[in-house]
Amino acid sequence: MSSPLGDLDVETFRGAAHRVVDWMADYLAHPERHPVLSRAEPGDVRRTLPRHPPAGAEPIDEILADVDRVIMPGITHWNNPAFFAYFAISGSAPGILGEMISAALNVNAMLWKTSPAATELEEVVLEWLREMMGLPNEWFGVITDTASISTLLALAAAREAPVELAIRERGMAGRADLPVMRVYCSDQAHSSVDKAAITLGLGYENVTRVASDDAFRMRADLLERAMAEDVAAGRRPLAVVATTGTTSTTSIDPVRAIAAVCKRYGAWLHIDAAYGGAAATAPEMRWVLDGAELADSLVVNPHKWLFTPVDCSALYARDGDTLKRAFALVPEYLATARQGQVVDFMDYGVQLGHRFRALKLWMVIRAFGAEGIAARVREHCALARELASWIESEPDWQLSAPVPLSVVCFRHVPRATMTAEELDAHNERIMHQVNASGEAYLSHTKLRGARVLRIAIGHLRTERRHVARAWALLKACT
Ligand code: PLP
């Protein structure tokens with residue numbers, strides 16, 4: 001029943017919410033009921049939706065029934081343990097509860113005073129995460145929606161760091177005094193680096209893609225050479241983005257060597273640890289972030305491999321004030337008496353509004369414990385190594401890259417006589433066939449021009465049997 005205000009009355013809400021929670025629990029308990037990759041064709045979902053909004057109120061039970069009827073067939077199940085594509089993300093139970101509570105509270109932590117608990121919890125939970133990954137104590141953290149935005153903010157801070165450029169005040173257009181500014185990353189870095197350069201007006205062409213070595217890690221010697229050439233030509237090396245856990249293979253750039261180059265050239269060092277940073281929660285895998293203490297900023301996504309529902313990305317900056325200098329702007333209607341004495345998260349990014357994402361991260365870390373999280377990450381890496389060993393033991397299958405974390409890149413090479421194009425097409429067909437089974441979902445990438453299959457093991461509920469089933473399907477599809 002609707003209240004006179006049009007919203008559900010409280011008792012109707014209570015009943016519907018209980019049914020929704022039952023629905024969620026059943027969904028999580030029976031992932032096999034749905035094909036992992038949606039079988040919807042373009043337009044299928046749209047065709048089942050009315051073209052115009054309802055003029056009058058509709059009963060909540062009808063709306064909820066439509067979630068099953070209309071929405072579910074068009075869902076690709078990222079929360080299925082056999083989701084092996086891209087990087088898996090998990091809505092863990094405490095994370096889902098955190099999302100529910102934050103939806104009910106619906107606070108906007110733009111200022112400390114607009115929800116002191118949201119701000120202070122975010123500060124503390126990011127200190128916890130920092131400690132779990134072995135990052136320096138002084139680093140300042142802020143939660144954003146995605147790694148792409150975190151990297152954008154980091155590069156905006158990098159652009160602001162050389163104060164003499166005065167870009168915040170004077171902009172970049174029409175300025176003969178500004179040098180061309182360069183950003184460097186490896187040929188394996190994520191496209192979010194390019195997008196940040198585009199957005200910040202640095203220009204797509206000014207992102208230098210440094211070649212990687214045999215294990216897909218940035219070559220620090222070539223980075224240095226590129227910077228030297230730029231300086232000789234009057235260009236300014238602004239920032240380097242090192243990746244620890246690249247998207248295709250999870251290769252880990254040599255951060256320490258890169259940091260030394262950055263120091264010599266006065267460039268900002270940002271680390272994209274969106275995926276790989278989570279591995280550092282396992283003490284024996286801290287090497288993943290070796291040298292990170294020398295960086296200026298780092299992003300890690302709890303919504304990737306730390307079992308927190310999307311969206312939740314943690315951006316750390318060695319000096320929070322530089323980030324603040326890039327973005328803080330306080331119009332009168334947002335001024336408070338406590339300005340400067342407390343953290344107002346609106347000062348650390350583009351958006352004014354600040355979602356209460358810290359709540360779900362806090363609930364995840366508490367419910368798992370730091371050791372519980374590390375145990376899952378460790379298990380995923382072990383499963384990836386086991387899958388790699390199965391692949392290596394078959395004469396017609398080849399590993400395409402080292403397996404430092406939990407992603408395995410590989411291909412089927414049945415005959416030496418197949419051309420490169422035929423091999424690509426053959427592996428593409430295998431992938432589509434496995435995905436069409438509905439039992440597993442994997443994706444592909446290109447490595448040195450060759451199309452390879454890619455299994456990323458990072459979902460909380462992935463067990464050995466899911467990986468074994470995916471491997472059996474792959475073999476059956478050759
Ligand atoms: N960096 C790396 C290494 C990634 O793999 C990804 C996405 O997979 C991103 C950044 C972008 O992440 P987001 O979707 O949070 O922007």
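Where is the place of D311? D311 sits in the loop between α11 and β7 (313-317), where helices (H or I, at least four residues) and strands (E, at least two) are DSSP runs numbered from the N terminus. A cis peptide bond, with omega at about 0°, joins V310 to D311. Most peptide bonds are trans, and most residues other than glycine have a negative phi.

This is a predicted model, in which local features need pLDDT of at least 70 and side-chain atom pairs count only at pLDDT 80 or more, while totals for chains, interfaces and linings use all residues. Residues are numbered from 1 along each chain as its sequence is written, and side-chain values use heavy atoms, with hydrogens and water left out.

**The ligand and its surroundings**

The ligand is surrounded by 13 residues, of which the closest are A147, S148, T247, D272 and N301; a residue is near a molecule or strand if one of its heavy atoms lies within 4 Å of it. By type, the residues of this shell divide into three nonpolar, eight polar and two charged. In that division Ala, Val, Leu, Ile, Met, Phe, Trp, Tyr, Cys and Pro count as nonpolar, Asp, Glu, Lys and Arg as charged, and the others, Gly among them, as polar.

| Residue and part | Ligand atom | Distance |
|---|---|---|
| A147, backbone N or O atom | oxygen | 2.8 Å |
| D272, side-chain N or O atom | nitrogen | 2.6 Å |
| H303, polar side-chain atom | oxygen | 3.4 Å |

Taken alone, the ligand exposes 390 Å², and the protein buries 85% of that; accessible areas come from the Shrake-Rupley method with a 1.4 Å probe, and for residues only the protein chains shown count as cover. The elements that give two or more residues to the shell around the ligand are α6 (147-160) and α11 (302-305).

Buried means under 20% relative accessible area, exposed means over 50%, and partly exposed lies in between (1.4 Å probe, protein chains only). From β5, the residues W268, H270 and D272 point one way, whereas L269 and I271 point the other way.

Two strands pair if DSSP finds at least two bridges between them. Strand β4 (residues 236-243) runs parallel to β5 and is joined to it by five bridges, with W268 in β5 as the bridge partner of A239. β5 also pairs with β6 in the parallel sense, over three bridges, and here the bridge partner of D272 is V299 in β6. In strand β6 (residues 297-300), S297 and V299 point one way and L298 and V300 the other, and all are buried. β6 and β7 run antiparallel and are joined by four bridges, with Y316 in β7 as the bridge partner of L298.

**Individual buried residues**

S150 is found in helix α6 and is buried, with a relative accessible area of 0%. A polar contact of 2.9 Å joins the side chains of S150 and S313. Leaving aside residues up to four places away in sequence, S150 touches T144, V299, S313, A314 and L315, where contact means heavy atoms within 4.5 Å.

A118 lies in helix α5 (residues 116-132) and is buried as well, with a relative accessible area of 1%. With residues up to four places away in sequence again not counted, A118 touches V107, A109, F356 and A358.

**Positive phi values in loops**

F216, in the loop between β3 (207-210) and α9 (220-232), has a phi near 65°, a positive value in a residue other than glycine. F216 is buried, with a relative accessible area of 5%. T250, which lies in the loop between β4 and α10 (255-265), likewise has a positive phi, near 60°. At 0% relative accessibility, T250 also counts as buried.

Note on methods
Polar contact = N/O pair within 3.5 Å; in protein donor to acceptor, adjacent residues only side chain to side chain.
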